[in-house]
Amino acid sequence: DRQTLVAVLQFLRRSNLRESEEILRREARLLGDDLGGNVATVATSSPGVAAVAAVPPGKGEARGDCGVGPSSGREPRGVGSPVSSPSSKITHSGDVIGGAVAVEDQPDVSAVLSAYNQQGDPTLYEEYYSGLKHFIECSLDCHRAELSQLFYPLFVHMYLELVYNQHESEAKSFFERFHGDQECYYQDDLRVLSSLTKKEHMKGNETMLDFRTSKFVLRISRDSYQLLKRHLQEKQNNQIWNIVQEHLYIDIFDGMPRSKQQIDAMVGSLAGEAKREANKAKVFFGLLKEPEFDVPLDDEDEEGENEEGKPKKKKPKKDNVGSKSKKQDPNAPPQNRIPLPELKDSDKLDKVMNMKEAARRVRLGPECLPSICFYTFLNAYQGLTAVDITDDSSMIVGGFADSTVRVWSVTPKKLRSVKTAADLSLIDKESDDVLERIMDEKTASELKILYGHSGPVYGTSFSPDRNYLLSCSEDGTVRLWSLQTFTCLVGYKGHNYPVWDTQFSPYGYYFVSGGHDRVARLWATDHYQPLRIFAGHLADVTCTRFHPNSNYIATGSADRTIRLWDVLNGNCVRIFTGHKGPIHSLAFSPNGRFLATGATDGRVLLWDIGHGLMVGELKGHTDTIYALRFSRDGEILASGSMDNTVRLWDAVKAFEDLETDDFTTATGHINLPENSQDLLLGTYMTKSTPVVHLHFTRRNLLLAAGAYSSQ
Amino acid sequence: MEAAKMASPKSAPKDAQVMAQILKDMGITEYEPRVINQMLEFAYRYVTTILEDAKIYSSHAKKSSVDADDVRLAIQCRTDQSFTSPPPRDFLLDIARQKNQTPLPLIKPYSGPRLPPDRYCLTAPNYRLKSLQKKVSSTAGRITVPRLSVGAVSSRPSTPTLGTPSGQAVSVSAKVGAPVSLAGQRFTVQIPSSQPAGKSATPTTPTVQNVLINPSLIGPKNILITTNMVPPGAADPNPLKRKHEDDDDYDAL
């Protein structure tokens, strides 16, 4: 505040407003020229200064218009927004260079003033940028890779600054000259940028506005940072330094500068990398304990021991469905951390079935690969947009671009709806097979079509108890369908824009949805409004998944980051950067410790949730990966992609031997081994069917689904 | 559908060539041929709308010709109207903070299907029945010929249960499915009074009440049965009356 007061005093003095200056000085009780310290963080006080700067009655001639006006036209800013200096500009007429306005004998204040003079001289932007470029290219090799990270954010911010201040021709020539220098993985962004040439274009583009107001995070070692700072501060024009301070957040670490390879693995997102504190929160990635209950030892028909009709001794066997140890896993959340629905009798029966199937499960490994059964949707005419399969693999649902949702039965048992109320009253409720009797035989069919949405259906999800189906669509709603009556029960309205993905919680009752409005929402089936809103992404949320313990939600976004959110309080606990394209698939490992993600860049990245680090990179696919799934015990990771292949990767090997010593976790550096080829267990090609969904049955048979496309 | 080749320069009109070039500049290389037509149609429609609006604004401001300001205003108004964009980030962060402060609600056990309150569900019937406000004269001694017009007010799975419109014995069971609550409804059924002269063996069921249905209160799974009681006692006027009531019955709402 003091700095700004001093700055205003200087301004008044320069404008020859001696009286005002005296009054202000008296009021502020400043004696003499007190120039004080360094470049101030001017951010918070700028609205105040804007008001004060409007006070000196327009000394029109020399100072042009005190153009404080533009601040009002901007997007409404939250109170805590750290970036506000662009909002108050004192436009100087003529071509006065901002930094060089520096009254020679008062360099510090000029720095403050120049912060308000953001636009500087548009024609000199190119010079600033090429000056920096020259400096970085001449620096030492070890520092060059790190400092090169500056190019892209600086380029974009300077370009946006020029566009915002309506210097169209300068912006265009700036773009022409420097866009070729940027890294190849930013090309998509640059293409979007090239179409933004006027200020009006920016208004509708929320992603670009978010980019301007959020800080791009860079991780630079202390040595490189010192080098940069020294260079920028010794030059008289502090324009670049101002931009760096305003728009970039430099996360300094002590240690060796990173190599280009290490940097390339982690960068790529729209907001730079993740700050180290962002990934420091404790995450309970363990699984919840399964409840114990008595499992009757029932007749094993196949065993055929008692075929003679000998009375079998049915001893109820106490079976520990859950973990054997009585101790609480320190990494697992407490049972009642979030309220979960209690187990109904039908759920218990389901669990028994699950256990029995698990006993017959095939153990997979590099020597024992799963068989793959592919369900091809014919005659979909490129309209298949979402697929899901129930956990017991009995039903498959397809969401289509014609807004229908179609459910098929995959087993010989057909789909039936319940009888009407009158018929229901006639049946004997005490009979053993009442669950069969409530079903109406007349409505049995293999396919049920559900109508209701008014736009393409982009996401579908079965509930774990197979009673409900969710579907989300471009019309902005998420619909809950009953699978017993095959009618729509509820339409959840909240996103007013296309909803790209939805998923039920592994325990039912909760579900998550993510859409074009850049947020993910947590709902419960019995609340018509969301319970939690997860806001923070810079671009659309394209993929949402629950953690197996239902306490965390992972969201992948078009801003090329993955965020992990805590259901309890809505906080973002992890940010994972590294993908170079929008993320389209996420998969948690069954033990809850790891996350696999796939994006349009064709790479699968593996993340350790506990430490918040990237632990693996699987290269091989050549097109967007739309499906990722771990096998039931986590030994194999299957990935399906638009390049018409399914690939199997060795998950056990990928996650073993993790070097997570203190240095790594402190600095977040990783040294990824180039072992994609070793981990690849098999590539299976379809003729021309992109793979949209993967599912491991309870016995570890891999099911895949896709729509046949004839081109 | 085959992947499109770009329109060959020789045969395509200039607009289509420009549109193809725009698509190429934006990095779109594969598209169906009708995309160009759709884009051209959109562009034409958008520009026409904007210019028409600009003309209106210009004439409102009593200007002689349309200038850039009018066009700018027209664009701005249309953008706010048709091309809304998602809310800005700080707004989202704000409402997220508010929403995330409330603790997660506890889950009631044993509560059946967990759905929001009925008014937020799509389970209500999407049609209404015309309410019958008929006074029934309960003079005894008349031979009543009941006719049943059955309307099913149910939406979920149940198809309407038709009570058979039998002449004499009408065992109307105003049966409503168990799980439905009839709270707040007056729902009574008219049952014909007993036939004299031993026509039937049914015992006298003297319940004669008016059927008063307030359709807006009807909840799911209700079965509504109305009986149209027409005492045919009085000879001549009655058939006519009945006919009148017939028409009445089938009058459109």
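This is a predicted model: local features need pLDDT of at least 70, side-chain atom pairs count only at pLDDT 80 or more; totals for chains, interfaces and linings use all residues.
1. A:L595 is buried, with a relative accessible area of 0%. A:L595 belongs to strand β23 of chain A, which covers residues 594-599. Neighbours within four places in sequence left aside, A:L595 is in contact with A:A554, A:I562, A:F576, A:A587, A:F588, A:L605, A:L606, A:W607 and A:I609. From A:E357, 238 residues away along the chain, A:L595 is separated by 25 Å between C-alpha atoms.

2. The largest nonpolar core has 50 residues. Within this core, A:F174, A:L193 and A:V244 have the most contacts. Helix α9 of chain A (residues 151-164) gives the most to this core, contributing 11 residues. In soluble globular proteins, nonpolar side chains tend to be buried together.

3. For A:L193, residues up to four places away in sequence are again not counted. A:L193 then touches A:V156, A:Y159, A:L160, A:F175 and A:M208. A:M208 is also one of the buried residues of helix α13 of chain A.

4. Helix α13 of chain A (residues 206-213) is largely enclosed by the rest of the structure, because 7 of its 8 residues are buried. The buried ones are A:E206, A:T207, A:M208, A:L209, A:D210, A:F211 and A:R212. Their cover includes α9, α11 (187-194), α12 (199-204), β1 (216-221) and α15 (239-247) of chain A, together with α4 (89-101) of chain B.

5. The contact between the chains takes 56 residues from chain A and 42 residues from chain B. About 4,200 Å² is buried between chain A and chain B, with 60% of that area given by carbon and sulfur atoms.

6. Across this interface the rule finds 1 salt bridge. A:E342 forms a salt bridge with B:R114, and the closest N and O atoms are 3.3 Å apart. The rule also finds 13 residue pairs in polar contact across the interface of chain A and chain B, both residues being at pLDDT 80 or more.

7. On the side of chain A that touches chain B, the elements giving two or more residues are α13, α18 (421-424), β12 (477-482), β13 (487-493), β16 (519-524) and β17 (532-535) of chain A. Of these, β13(A) gives the most, with 5 residues. By class, this side of chain A has 27 nonpolar, 18 polar and 11 charged residues.

How values were computed: Residues are numbered from 1 along each chain as its sequence is written. Chains are lettered from A and ligands numbered from 1 in the order in which they are written. Side-chain values use heavy atoms; hydrogens and water are left out. A nonpolar core is a set of buried Ala, Val, Leu, Ile, Met, Phe, Trp, Tyr and Cys residues joined through side-chain atoms within 4.5 Å. Buried means under 20% relative accessible area, exposed over 50%, partly exposed in between (1.4 Å probe, protein chains only). Helices (H or I, at least four residues) and strands (E, at least two) are DSSP runs, numbered from the N terminus. Contact means heavy atoms within 4.5 Å. Buried area is the accessible area (1.4 Å probe) that two parts lose on being put together, summed over both. A salt bridge is a side-chain nitrogen of Lys or Arg within 4 Å of a carboxyl oxygen of Asp or Glu. A polar contact is a pair of N or O atoms within 3.5 Å; within protein, one must be able to donate a hydrogen and the other to accept it, and residues adjacent in sequence count only if both atoms are side-chain atoms. Ala, Val, Leu, Ile, Met, Phe, Trp, Tyr, Cys and Pro count as nonpolar, Asp, Glu, Lys and Arg as charged, and the others, Gly among them, as polar.
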